[in-house]
Amino acid sequence: MFNTEEIRRKFPILDQQSNGNPLTYLDSGASSQKPETVIEAMNSYYRQYNANVHRGIYQLSEKASAAYENARKKIARFINASTWRELIFTRNTTESINLVAYSWGLTNLKSGDVIITTEMEHHANLVPWQQLAAQTGAKVKYIPITEQGCLDLTKYDAWLSPAVKLVAITQMSNVLGTIPPIKTMIEQAHAVGALVLLDGAQSVPHMPVDVQALGCDFLAFSGHKMLGPTGIGALWGRKDILSQMPPFMTGGDMIKRVTLEGSEWHSLPWKFEAGTPAIAEAIGFGEAVEYLNTLGMANIRQHEIELTTYALECLNQVEGLRIYGPQNPQERGGAISFTMGDIHPHDIAAVLDGEGIAVRAGHHCAMPLHDKLGLSATTRASFYVYNIAEDVDRLVNGLDKARELLTK
Ligand code: C6P
């Protein structure tokens with residue numbers, strides 16, 4: 001069903017040596033690799049029909065516009081949006097969340113209102129809310145994490161009240177891998193009249209996400225973490241909410257009519273897409289989603305559960321290694337952060353790099369979470385469709401080598 005050998009052949013970058021060893025790419029949580037079809041789709045735009053969109057009355061531009069809008073439709077369908085008009089192209093998850101903070105937040109929040117988020121958020125789903133609170137007088141509350149790296153939902157239950165206007169949570173932690181019980185949390189938020197924004201940067205690439213079934217209000221995600229190019233992401237929002245929101249940025253392409261006295265905005269989604277968009281990138285993003293569909297998101301999730309199960313088993317046996325986050329693979333994604341004794345996480349990553357293994361070390365843009373864990377950094381391995389059990393074996397061997405080299 002899930003032929004990793006065949007999948008790996010679609011990713012030309014994987015067929016290379018790194019520091020004299022076969023490349024073992026374990027940093028898809030930061031950015032995934034791209035299949036040939038995505039690279040080719042972008043190439044053929046530039047080679048065959050490069051032109052601006054929504055402007056030219058000539059064949060190339062019409063072809064480019066159709067490809068750009070077709071990509072939008074594919075991505076909207078991928079998350080089961082009720083209409084493509086709800087799918088706004090942005091640069092990435094960060095920009096999608098800022099769009100909501102500046103457009104919806106500045107219009108709707110006031111002193112005394114509450115935004116609930118969590119201690120395990122990426123800075124992209126934390127700093128914009130701090131900024132919004134500073135500008136409006138609203139207050140940000142952070143759901144704490146438990147020893148096991150899950151959310152302490154007793155606090156969430158206690159804090160929910162009509163003062164809460166927004167709940168902004170990750171659907172999968174980029175450090176702990178934790179998948180919170182989102183559907184229940186959304187229902188609880190709606191019961192007090194709050195909207196819910198999901199940070200889908202790590203979830204949308206790795207599991208089936210259906211915005212209608214979840215009932216969320218906004219979903220932010222990035223193309224580059226789901227086999228697509230950098231520079232393109234998406235914000236999905238409920239049409240009735242997006243229609244009421246003012247534009248985030250203004251200028252060309254997002255207007256219906258401009259006079260010297262004022263302007264009228266374009267309809268959705270273009271109201272939120274000022275200026276020339278990332279055309280090749282949108283086309284590549286659409287192709288990435290098409291490839292994910294051929295693999296099947298449920299199959300991808302299953303593959304990662306199996307790989308994570310194996311990785312947790314192996315890593316738990318590595319001397320001195322401590323994993324942060326849930327141990328049950330059903331409750332987590334395939335980003336595994338760890339420390340090994342007193343060895344600095346960057347030193348571990350450097351030794352692994354010498355073995356051709358690419359992992360990330362640092363705070364993973366989640367400094368408050370690392371503060372909570374009493375750490376300045378962790379090393380993180382993260383998996384995707386092209387990873388295999390052999391990658392885990394190489395990681396474990398690399399970690400043994402790092403311990404030999406780096407402990408006195
Ligand atoms: N996390 C990581 O290595 P952007 O950079 O806008 O595409 O995505 C931001 C972002 C938001 N939320 C979560 C949960 C994320 O994981 C990320 C990106 C990368 O973990 C790069 S810091």
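How many salt bridges are counted between domain 1 and domain 2?

What you see is a predicted model, where local features need pLDDT of at least 70 and side-chain atom pairs count only at pLDDT 80 or more, while totals for chains, interfaces and linings use all residues. Residues are numbered from 1 along each chain as its sequence is written, and side-chain values use heavy atoms, with hydrogens and water left out.

Let's start with the domains. The protein chain is assigned domain 1 (4-30 + 296-406) and domain 2 (39-294), with bounds from an automatic or database domain assignment. Taken over C-alpha atoms, their centres are 28 Å apart. In contact, meaning heavy atoms within 4.5 Å, are 36 residues of domain 1 and 34 residues of domain 2. Together the domains bury about 2700 Å², 60% of it on carbon and sulfur atoms; buried area is the accessible area (1.4 Å probe) that two parts lose on being put together, summed over both. Of the area that domain 1 buries against domain 2, Met297, Leu369 and Tyr384 supply 23%, more than any other three residues.

Back to my opening question: the count is 1 salt bridge, that is, a side-chain nitrogen of Lys or Arg within 4 Å of a carboxyl oxygen of Asp or Glu. Elsewhere in my notes I have Lys372 and Glu119, which form a salt bridge with their closest N and O atoms 3.0 Å apart.

Now, the ligand. Where does the ligand lie? Both domain 1 and domain 2 give residues to the shell around the ligand, so it lies between them. There are 18 residues around the ligand, and Thr94, Asp199, Gln202, Ser222 and Arg360 come nearest; near here means a heavy atom within 4 Å.

Let me point out some atom pairs. A ligand oxygen is 2.5 Å from an N or O atom in the side chain of Thr94, and an oxygen of the ligand is 2.8 Å from an N or O atom in the Asn174 side chain. For Lys225, a side-chain N or O atom is 2.9 Å from a nitrogen of the ligand.

Definitions and conventions. Polar contact = N/O pair within 3.5 Å; in protein donor to acceptor, adjacent residues only side chain to side chain.
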